[in-house]
Amino acid sequence: LPELLDVEYLVGLPLVAQEGQSLGALVLGKRSEPFASGDSEFLQVMGGQAAIAIENAHLFQKIQQAYDELKELDHLKSEFINIAAHELRTPLAILIGYASVMAEESTGEDRERVDIITRNAMRLNVLVDDMLNLNYLETGQAQLKIEEVVLQDVVQEVLRDMQAMADEKSLAIEVNIPTGFPPLQTDRQKLDLILMNLLSNAIKFTPEGGHISLKVRRHRDMARVAVSDSGVGIPPEERDRIFERFYQVEDSLTRQQGGIGLGLALVKSLVELCQGEIRVESEVGKGSTFTFELPLRYPQ
């Protein structure tokens with residue numbers, strides 16, 4: 001080997017990864033005088049740094065490959081959600097339409113059965129709407145229609161829609177909005193979806209006979225809305241992930257509640273689209289409070 005390299009003296013050092021895997025070798029040659037004792041120490045330091053650099057390059061390549069695969073999977077998942085939601089809409093609309101006609105013509109036990117069909121079809125319709133709304137937000141297709149909104153009116157309308165769910169579990173819902181609370185400039189439909197999802201979540205995870213409150217306050221130039229419940233609560237290690245798509249605190253195989261984990265992801269996206277922010281405070285076994293703030297005057 002020295003003859004091939006046209007050198008007189010040769011020294012080599014294997015490059016070994018932290019796990020003991022061989023990455024190669026570092027070889028130095030000199031044509032005239034031999035290596036000094038300090039040269040081998042320098043070579044060891046140099047070899048150690050080279051091994052680390054090579055190992056980091058391999059790790060970076062693997063991480064980049066994994067990231068690209070995750071991006072592709074995320075894209076495929078979004079495409080599946082979009083296609084599935086659109087394909088479900090038509091048969092759902094037909095099912096709800098016929099169920100409504102049957103409800104008008106039915107009485108007694110038949111009417112109760114039709115009401116069950118209608119109620120569950122509507123729940124499925126809400127899931128489909130959540131899937132489509134979240135997809136529109138992520139693809140940048142969602143647009144805001146800013147108008148002056150009276151918060152009291154929106155809250156009353158949402159509560160009317162959610163009251164049946166609350167009554168099924170004998171839940172008390174308390175609303176506290178100061179008299180004369182100023183209107184805010186926002187998208188009414190988006191605000192409606194935010195409140196509906198937060199209240200639906202509170203109802204789902206609050207045991208029978210529990211308590212839910214909706215409190216509105218003004219904080220500087222923001223409207224602050226807090227939805228609290230006396231439900232199961234969220235473990236500290238889970239709180240940073242509850243706004244992720246499809247993430248659910250309960251085990252997916254043993255959970256008792258409905259839904260596919262899109263509601264809070266949709267809420268966060270809608271709040272941020274309306275130039276606001278949201279946070280959660282919770283204690284296991286005592287309940288949770290979701291607080292979001294929206295500007296009273298939408299920034300131009």
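**Strand S7 and its sheet**

Me: Is this model predicted or what is its origin, and which strands make up the open sheet?
Reply: The model is predicted. Five strands form the open sheet, in the order S4-S6-S7-S9-S8, with mixed pairing.

Me: Which strands stand at the edges?
Reply: Those are S4 (172-176) and S8 (277-283). Each has a single partner strand, so one side of each is left without a neighbour in the sheet.

Me: What is the average twist?
Reply: From one strand to the next, the twist averages 15°.

Me: Now S7. How many of its residues are buried?
Reply: Seven of the eight residues in S7 (residues 222-229) are buried, so the strand is largely enclosed by the rest of the structure.

Me: How does S6 pair with S7?
Reply: S6 (residues 211-219) pairs with S7 in the antiparallel sense over eight bridges. Within that pairing, Ser213 stands opposite Ser228.

Me: And what lies between those two strands?
Reply: S6 and S7 form a hairpin with two residues between them. Arg220, in the turn, has a positive phi of about 55°.

Me: What about S9: how many bridges join S7 to that strand?
Reply: Seven bridges join S7 to S9 (residues 287-295), and the two strands run antiparallel. Here Val227 stands opposite Phe290 of S9.

Me: Change of topic: which strands does helix H4 touch?
Reply: H4 (residues 151-168) packs on the sheet and touches S4, S6 and S7. The direction of H4 makes about 175° with that of S4.

Methods:
Residues numbered from 1 in each chain as written. Predicted model: local features only at pLDDT ≥ 70, side-chain atom pairs only at ≥ 80, totals over all residues. Heavy atoms only, no water. Buried < 20%, exposed > 50% of the residue type's maximum accessible area, 1.4 Å probe, protein only. Helix = DSSP H or I, 4+ residues; strand = E, 2+ residues; numbered from the N terminus. Pairing = 2+ DSSP bridges. Axes fitted to C-alpha atoms, helices over the stretch in contact; angles between N-to-C directions. Contact = heavy atoms within 4.5 Å.
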